Amino acid sequence: MGRPRYGFVGLGNLGGHLAARLLARGFDLTVHDRDPAPAERLLTMGATWAADPAAAARGRDGIFTCLPSPSASEAVLEHILDGASPGTTWIECSTLGRDDILRLAATAAARGVETLEAPVTGGVHLAARGEITVLAGGEEDLFARHEAALRAMGGRLFHMGPLGSAAVIKVITNMLAFTHLVADGEALMLAKRAGLDLGQAWAAIAASSGTSFVHETEGQLILNGSYDIAFTMDLALKDLGFALGFGKQFGVPLDLATRVAATFEAGRAAYGGSAQSTQVVRLLEDRLGTDLRAAGFPARLE
């Protein structure tokens, strides 16, 4: 039996890099996106273009999706099921709520298609380098069947348990990241208002017990002033909404996450839903009339 053949739908900031990693590792890949432009690079790498999601799934052992919302995933899945044969695996890399992935998996199962969830975490720059973390959820045998492809996409892979498990841990990691982002803005502002050199303050924090992945990555984009993390306020609030929903479902009072969500709501109101999520720190900058710029920091993470 040969290597599994895959389709990939959703070639945005994240999906395009994940698809590229599969191609770089030699997987046979058919791709589709509403906008054909992001596919051009993948076609030069050996991908085959599909006219629609159904065509991307036709004749494939697995079909990946990486989409911005549960509604988009649901709409695309309906088309995928028109092309997928029984025994195909739908591998969902989008960030969904647990109820969403379980509901959509039931829809797929009714058509003979199995589901594996594989949301990723770490940021677009790590996806580009093949170092992003993949969080998988699903039956053990299904995970084993597609493990090679999942490992090809990222640096570290965690099988979290049954379907729905990865949705929970992905939302938890994002909740922590957004909390760290708001806290990092406040920390940098304290340093600035105290008269410290911000570049040196950033380096000291990065070498301290107070550091975080967000400080070491997104903190640099704040100091540059680009804020360009390729992740929007709308997406941040979607994920925070999932987190607060889990808090209610599991009886956990998420006081800090509730305050962070309110801060992001204020950020969206001020700058728009398509603004970079890192611009939530601008709320403090604008309120105090004090920017957080320092020389020597990149406009984008590479």
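Which residue just after α1 takes a positive phi? I looked there and found G26, with a phi of about 90 degrees.

Before going on, I noted that this is a predicted model, where local features need pLDDT of at least 70, side-chain atom pairs count only at pLDDT 80 or more, and totals for chains, interfaces and linings use all residues. Residues are numbered from 1 along each chain as its sequence is written, and side-chain values use heavy atoms, with hydrogens and water left out.

**Helix α1.** I took helices as DSSP runs (H or I, at least four residues), numbered from the N terminus. α1 covers residues 15-24, and seven of its 10 residues are buried (under 20% relative accessible area, 1.4 Å probe, protein chains only). I listed the buried ones as G15, G16, L18, A19, A20, L22 and L23.

**S212.** I found S212 in the loop between α9 (198-206) and α10 (213-224). S212 is buried, at a relative accessible area of 13%. Its side chain reaches the backbone nitrogen of H215 at 3.0 Å.

**α8 against α12.** I checked the axes of α8 (residues 165-193) and α12 (residues 255-271): they come within 10 Å and cross at roughly 65 degrees. The two helices are therefore roughly perpendicular (65 to 115 degrees). I recorded the contact (heavy atoms within 4.5 Å) as M175, F178, T179, L181 and V182 of α8 with L256, A257, V260, T263 and F264 of α12.

Methods. Axes fitted to C-alpha atoms, helices over the stretch in contact; angles between N-to-C directions. Parallel < 35°, antiparallel > 145°, perpendicular 65-115°, else oblique. Buried < 20%, exposed > 50% of the residue type's maximum accessible area, 1.4 Å probe, protein only. Polar contact = N/O pair within 3.5 Å; in protein donor to acceptor, adjacent residues only side chain to side chain.
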